[in-house]
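Hi,

Here's the structure I said I'd pass along.

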Amino acid sequence: MASRRLINPSRRASDSGSLPLVGSLHQKSRSSPLLSIGLVVVAAFFLIGYSLRGSGGFASEKEAISIGQGVSCSLDVIQAMPILKKAYGDSMRKVLHVGPDSCAVVSKLLKEDSEAWGVEPYDLEDTDSSCKSLVRKGFVRVADIKFPLPYQPKSFSLVIVSDSLDYLSSKYLNKTLPDLARVSADGLVIFAGYPGKQRAKVSELAKFGRPAKLRSSSWWIRYFVQTGLQENEMAIKKFEEASVKNSYKPSCQIFHVTS
Ligand SMILES: *[C@@H]1O[C@H](CO)[C@@H](O)[C@H](O)[C@H]1NC(C)=O
């Protein structure tokens, strides 16, 4: 985005720089009407070209800004850590995080004295050395969550999933969500994007495979009922109380489901 902003003004400066030149030629040519008509035509071409190019530049700049606004729910998970601890207490002892930036979430959980594992559903190509080390030690694994998770039932006390469900069609959601509930003993926390917020950058679409399908909270709640998952009323209440106390305002919607 920064480079776009730098490129545009310089391009505009050179364009407008050419306009006074046309103007001065026009003044000198008063003697010949034919030549001046020709120059007016040339000037008109310059002006049309300039305005088309200008508007084109503006449109792509605007697009870049609205796409670049995407926020990761995984960041919300990290910020929610003290709230989750208050809401879940001892259920935070053995946590599985599923979602992008799982390395960051897992290292945060490990610092908070939880046992923690992560499933990163997307490529980990340009990652830092601490993430590589988490992968090497088996704390974080890269796995396609369209397939069953390689864990025994109730392997974790709590499963936290962020962003990744937004990228599943309902066909795969129908398989993955019950599977996440299966590997959890005490519950499942879902961080999902709000509809109307474009999240992934165009450059990341290849990584996620498809654009995010952001569902409304009423859609999710109806979906839980249809799939036989129950919302965890106790966790919802405690989470809300702690959120108010800590002035925690997530940018994603959060659901608490029993397993
Ligand atoms: C997924 O599950 C929902 C709720 O049970 C159902 O209405 C829907 O048809 C299913 N979708 C697919 C693609 O199987």
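Let's start with the ligand: by class, how many nonpolar, polar and charged residues does the shell around the ligand have? There are no nonpolar residues in that shell, four polar ones and one charged one. Bear in mind as you read on that this is a predicted model. The residues around the ligand are Ser-170, Lys-171, Asn-174, Gln-226 and Thr-227. Helix α7 (residues 170-182) gives the largest share of the shell, with three residues.

Now the overall layout. The protein has 259 residues, and 29% of them count as buried. You'll find 10 helices and six strands. If you take the contacts with a separation of 6 or more, 71% of them are between residues 24 or more positions apart.

The strands form an open sheet of six, in the order β3-β2-β1-β4-β5-β6, and the pairing is mixed. β3 (140-142) and β6 (253-257) are at the edges with a single partner strand each, so one side of each has no neighbour in the sheet. From one strand to the next, the twist averages 15°.

Inside the sheet, I'd look at β4 and β5 together. Strand β4 covers residues 158-162, and it pairs with strand β5 (residues 188-192) in the parallel sense, over four bridges. Ile-160 has Val-189 as its bridge partner in β5, while Ser-162 has Phe-191.

Is β5 mostly covered or mostly open? Mostly covered: five of its five residues are buried. In a regular strand, side chains alternate between the two faces of the sheet. Here both faces are covered, with Leu-188, Ile-190 and Ala-192 buried on one side and Val-189 and Phe-191 buried on the other.

Next, the core. The largest nonpolar core has 47 residues, and Val-159, Ile-190 and Phe-191 are the ones with the most contacts inside it. As a rule, nonpolar side chains in soluble globular proteins tend to be buried together.

Why does Val-159 count as buried? Because 29 other C-beta atoms lie within 10 Å, against a cut-off of 20 or more. Setting aside residues up to four places away in sequence, Val-159 touches Leu-96, Val-98, Leu-180, Val-183, Ser-184 and Leu-188. Take Ser-184 from that list: its C-alpha atom is 5.8 Å from that of Val-159, although the two are 25 residues apart along the chain.

Last one is helix α5 (residues 102-111). Which of its residues are buried? They are Ser-102, Cys-103, Ala-104, Val-105, Val-106 and Leu-109. An α-helix has 3.6 residues a turn, so residues three or four places apart point the same way. The cover over the buried residues of α5 includes α3 (73-79), β1 (94-98), β2 (115-120), α6 (129-136) and β3. After α5 comes Asp-113, which has a positive phi, near 65°.

That's what I have for now.

Cheers

Technical notes
Residues numbered from 1 in each chain as written. Predicted model: local features only at pLDDT ≥ 70, side-chain atom pairs only at ≥ 80, totals over all residues. Helix = DSSP H or I, 4+ residues; strand = E, 2+ residues; numbered from the N terminus. Buried ≥ 20, exposed ≤ 12 C-beta atoms within 10 Å, placed from the backbone. Contact = placed C-beta atoms within 7 Å. Pairing = 2+ DSSP bridges. Axes fitted to C-alpha atoms, helices over the stretch in contact; angles between N-to-C directions. Near = placed C-beta within 6 Å. Nonpolar A, V, L, I, M, F, W, Y, C, P; charged D, E, K, R; others polar. Core = buried A, V, L, I, M, F, W, Y, C linked by C-beta atoms within 7 Å.
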